[in-house]
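Visitor: I have a structure on my screen and want to learn how to read it. Where do we start?

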2 protein chains.
Amino acid sequence: MSNTQALPLLDADVPEAVAPCCPPLTERPFTADEAETAARMFKALGDPVRLRLFSAVASHEGGEACVCDISDVGVSQPTVSHHLKKLKEAGLLTSERRGTWVYYRVEPSVLAAMGKLLTSTSSAS
Amino acid sequence: MSNTQALPLLDADVPEAVAPCCPPLTERPFTADEAETAARMFKALGDPVRLRLFSAVASHEGGEACVCDISDVGVSQPTVSHHLKKLKEAGLLTSERRGTWVYYRVEPSVLAAMGKLLTSTSSAS
């Protein structure tokens, strides 16, 4: 059997806490729980290499990429994998194994929720 | 002379690198420079206490607050001041001294720029 055959094994271990959690930052002070959840996502994007990898996945053709597609950020492939794992743990990426490669995809609902956090309520009204 | 008299001394040391820096994360892979700039802002919001303070300032009446207004997050006032300084260094807040208090205000252009980063180009088109 060829090891390039597709074997979709949807990886569903996205942390539940990552679901849209919080009102816009300008609406009211965050509770401790809201701040914990949102800070986890911001922290995941608070590293330059991780942010480059995230934007590489997010902007890749079809909205997904494997490690083989996005290793052009000047760090080793194990480091790339480590950062992708962190992004996955923060719920910003999902992953799916196909054959020998794991494909990463941006979780659009999380991206939208983070964008909404940063929307100014004063400019929206 | 009363020490409650207003002494507006606009504090203009917002890092220049914080100006809207980057395309949406989904548009194309970030360059190293773009990632450095944007990661600095995300990192500043990647701490739960800092995020609570930021939302407390952002949602406070008039869009500004002094330390005296927002110390209800379970940490000491020096810690609050430390975190506010970090947010200022990241360009997310500006500050202005009036009498005995320093007032913090969210930098709306930076908030808007961060929101734009997280906008999905695919959903916008």
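**Reading strands, helices and charges**

Guide: Start with a strand pair. In chain B, strand β3 (residues 93-98) and strand β4 (residues 101-106) run antiparallel and are joined by six bridges. Keep in mind that this is a predicted model.

Visitor: Which residue of β4(B) stands opposite B:E96?

Guide: First the general idea. In a regular strand the side chains alternate between the two faces of the sheet. Now the case here. B:E96 has B:Y103 opposite it in β4(B).

Visitor: What do β3(B) and β4(B) form, and how many residues lie between them?

Guide: They form a hairpin, with two residues between the strands. Look at B:G99 in the turn: its phi is positive, about 65 degrees.

Visitor: Next, the overall layout. How many helices and strands are there in chain A?

Guide: Chain A has five helices and four strands. Their order along the sequence is β-α-α-β-α-β-β-α-α. Chain A has 125 residues, and 45% of them count as buried. Look also at contacts between residues at least 6 apart in sequence: in chain A, 60% of these join residues at least 24 apart. The accessible surface of chain A is about 6300 Å², and carbon and sulfur atoms account for 53% of that area.

Visitor: Which residues of α1(B) are buried?

Guide: They are B:E34, B:A35, B:T37, B:A38, B:A39, B:M41, B:F42 and B:A44. An α-helix has 3.6 residues a turn, so residues three or four places apart point the same way.

Visitor: What do the buried residues of α1(B) pack against?

Guide: Elements of both chains. From chain A come α1 (32-44) and α2 (48-59). From chain B come α2 (48-59), α3 and α4 (108-117).

Visitor: On to charges. How many salt bridges are there over all chains?

Guide: The count is 10. B:E89 is partly exposed, because its relative accessibility is 40%.

Visitor: Which salt bridge links distant parts of chain A?

Guide: One is between A:E64 and A:R98, at 2.8 Å from N to O. A:E64 lies in strand β2 (residues 64-66) and A:R98 in strand β3 (residues 93-98), 34 residues apart.

Visitor: Why does A:E64 count as buried?

Guide: The cut-off is under 20% relative accessible area. A:E64 has 14% relative accessibility, so it counts as buried. A:R98, at 24%, is therefore partly exposed. A:R98 also meets A:E96 in a salt bridge, at 3.7 Å. Shared partners join A:E64, A:E96, A:R98 and A:R105 into one network.

Visitor: Last, the two chains. What rotation superposes chain A on chain B?

Guide: Two copies of a chain are related by a rotation about an axis and a shift along it. Here the rotation is 180 degrees, the shift along the axis is 0.0 Å, and the RMSD is 0.0 Å. That is the relation of a two-fold axis.

Visitor: Through which surface do the copies meet?

Guide: The same surface, because 100% of the interface residues of chain A are also interface residues in chain B.

Note on methods: Residues are numbered from 1 along each chain as its sequence is written. Chains are lettered from A and ligands numbered from 1 in the order in which they are written. This is a predicted model: local features need pLDDT of at least 70, side-chain atom pairs count only at pLDDT 80 or more; totals for chains, interfaces and linings use all residues. Side-chain values use heavy atoms; hydrogens and water are left out. A salt bridge is a side-chain nitrogen of Lys or Arg within 4 Å of a carboxyl oxygen of Asp or Glu. Buried means under 20% relative accessible area, exposed over 50%, partly exposed in between (1.4 Å probe, protein chains only). Contact means heavy atoms within 4.5 Å. Two strands pair if DSSP finds at least two bridges between them. Copies are superposed by least squares on the C-alpha atoms of residues with pLDDT of at least 70 in both. Accessible areas come from the Shrake-Rupley method with a 1.4 Å probe; for residues, only the protein chains shown count as cover.
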